[in-house]
Amino acid sequence: MKRHRNVKIVATLGPASNDYAMIRALHEAGADVFRLNMSHGDHEEIRKRHAIIRQVEKDLDSPIAILADLQGPKLRVGVFANGEEELVPGASFRLDLDKTDGDATRVCLPHTEIFDALEPGAHLLVNDGKIKLRVKDCGATFADCEVIVGGTISNRKGVNVPDVVLPLAALSDKDRKDLEFVCELGVDWLALSFVQRPADVDEARVLAKGRAAILSKIEKPAAVKNFDEILAVSDGIMVARGDLGVELPVQNVPPIQKQLVRKCRAAAKPVIVATQMLESMIESPMPTRAEVSDVATAIYEGADAIMLSAESAAGSYPIEAVQTMDNVAREVEADPTYTEIIEASRRAVRTSVADGIVSAAREIAETTDIKAICCFSQSGTTALLVARERPRVPIIALTSHIRTARRLCLSWGTNCVITGEVNRFKDAVIAAVRATLAQGMATKDDMVVVTAGVPFNTPGSTNILRVAPCEERLIYASETE
């Protein structure tokens, strides 16, 4: 389905978007990727949503990416005898392994890994950071804390430990079962929660066995610190600003977002900006001005995708939320300032023949009257390299592999077209111009740039470029081999 924008939209499915009519409407409104949140819904519900997405894809003849978001380990306190207690600043409060009900002085924290990593002076955040504790003394089974920021603490509230790297794997037992289930189901992307180090990504990749691309969620300070190494072993990145804003000072999040987006762009790896983008649209048909500016900022930065969470999963206005993102994206990308910002932030990468080919394709397209850049990409690598260039003209990614087309639905500016296998460059050129005409991106009087790798069907072999007319008889009349 042709989009009139380059940035992609990820929509989370849930109770508000659970049937064929709604999921189809969301795709038609602009959702390019559907996120299945493994924290909510059992396997049977996930299976049904997956089947509906694939049916919509078939009915509309439009590749759709499916992103399965693994829950990750959840750190929570135990329960209180009174259900809740009020903690006041300056008071002492103990966390320990005693499973008896808590009171105003203590509560169970059933995670030995936290006690193993804590040191005096470290901070713990409870209930999304609303309560802040500082460790005064600790051991293998306890942590005596001072209440720095007080508030109401209640049963099973989440705990964040921002100051230390926890000796916890990113994949819990539940995650491993979920990973195998969704890989067998046939999702395109796996999002990993609680990533702290490259080894977390390596473990998931071994388990996925190539069945899905790996996307690392950056939501912990340790992940920010180790970002370059994590990016190197990941296929994509999600900037999960909600947890980052809990574990880091909120004023740190905007510059971190910009830094991570630029690094992903330079590495030619898709990056999603996520969390609370249109939060007010859970209950309102109109977003706030600040939310619109937040979405626009991510687009101006050149993010590959922007994401809706509860807005489309559980909100009252899921279609309106997608339409709002689509409208903001179109308006921003039509702004001349957008082009200036994107081009000013482009990094020249010239380390391979493929880098040179895609860079030349962009320069030719932008200095002459070229209507599109068409790239043949069996693995998706060439299309990602072209997308890294952020060209002013549309990108048409042609592939004979539906899995590649689906994964590329997350990549900036790519219009994915399924084509038959080609063995000669002339056939590739013909397929490219036919796809461009069918997409309505050119007329027979126009020209396109075509890139490919010869020999064909060899991943990473991009080594040829041609400026081709969209009139087939002119292609046949010219020397093509």
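**Notebook: barrel, open sheet and a few residues**

I began with strands E13 (residues 213–218) and E14 (residues 236–240), which pair in the parallel sense over four bridges. I count strands as paired if DSSP finds at least two bridges between them. Lys 217 stands opposite Met 238 in E14. A note on the source: this is a predicted model, in which local features need pLDDT of at least 70 and side-chain atom pairs count only at pLDDT 80 or more, while totals for chains, interfaces and linings use all residues. Residues are numbered from 1 along each chain as its sequence is written, and side-chain values use heavy atoms, with hydrogens and water left out.

**The barrel**

Which sheet holds E13 and E14? I traced a closed barrel of eight strands, E1-E2-E3-E12-E13-E14-E15-E16, with parallel pairing. Its neighbouring strands are turned by 25° against each other on average, direction ignored. My helices (H or I, at least four residues) and strands (E, at least two) are DSSP runs, numbered from the N terminus.

Helix H5 (residues 198–208) lies across strand E12 (189–192) and E13, running at about 155° to E13. H2 lies across strands E1 (8–13), E2 (33–37) and E3 (65–69), and runs at about 175° to E2. For these angles, axes are lines fitted to C-alpha atoms, for helices over the stretch in contact, and the values run from 0 to 180 degrees between N-to-C directions.

I then checked Leu 60, which is in helix H2 (residues 43–60). Leaving aside neighbours within four places in sequence, Leu 60 is in contact (heavy atoms within 4.5 Å) with Met 1, Arg 24, His 27 and Glu 28.

The UniProt record, an unreviewed entry, annotates residues 5–322 as "domain: Pyruvate kinase barrel"; such annotations may be inferred rather than shown by experiment. I find 35% helix and 24% strand over residues 5–322, with the end C-alpha atoms 13 Å apart.

**The open sheet**

I moved on to five strands that form an open sheet in the order E19-E18-E17-E20-E21, with mixed pairing. Strand E19 (414–418) and strand E21 (462–469) stand at the edges with a single partner strand each, so one side of each is left without a neighbour in the sheet. The twist averages 25° from one strand to the next. Strand E18 (residues 395–399) runs parallel to E19, and five bridges join the two. Ala 397 has Cys 416 as its bridge partner in E19. Helix H14 (residues 353–367) packs on the sheet, touching strand E17 (370–376), strand E20 (447–453) and E21, and its direction makes about 20° with that of E21.

**Single residues**

Is Thr 404 buried or exposed? Thr 404, in helix H16 (residues 402–407), is buried, with a relative accessible area of 8%. My cut-offs are under 20% for buried and over 50% for exposed, with partly exposed in between (1.4 Å probe, protein chains only). A polar atom of the Thr 404 side chain lies 2.6 Å from the backbone oxygen of Gln 378.

Most residues other than glycine have a negative phi. I noted two positive values: phi is near 55° for Arg 156 and near 50° for Arg 390. Arg 156, in the loop between strands E10 (151–154) and E11 (159–160), counts as exposed at 53% relative accessibility. Arg 390, in the loop between helix H15 (381–388) and E18, is buried at 4%.

Terms used: Polar contact = N/O pair within 3.5 Å; in protein donor to acceptor, adjacent residues only side chain to side chain.
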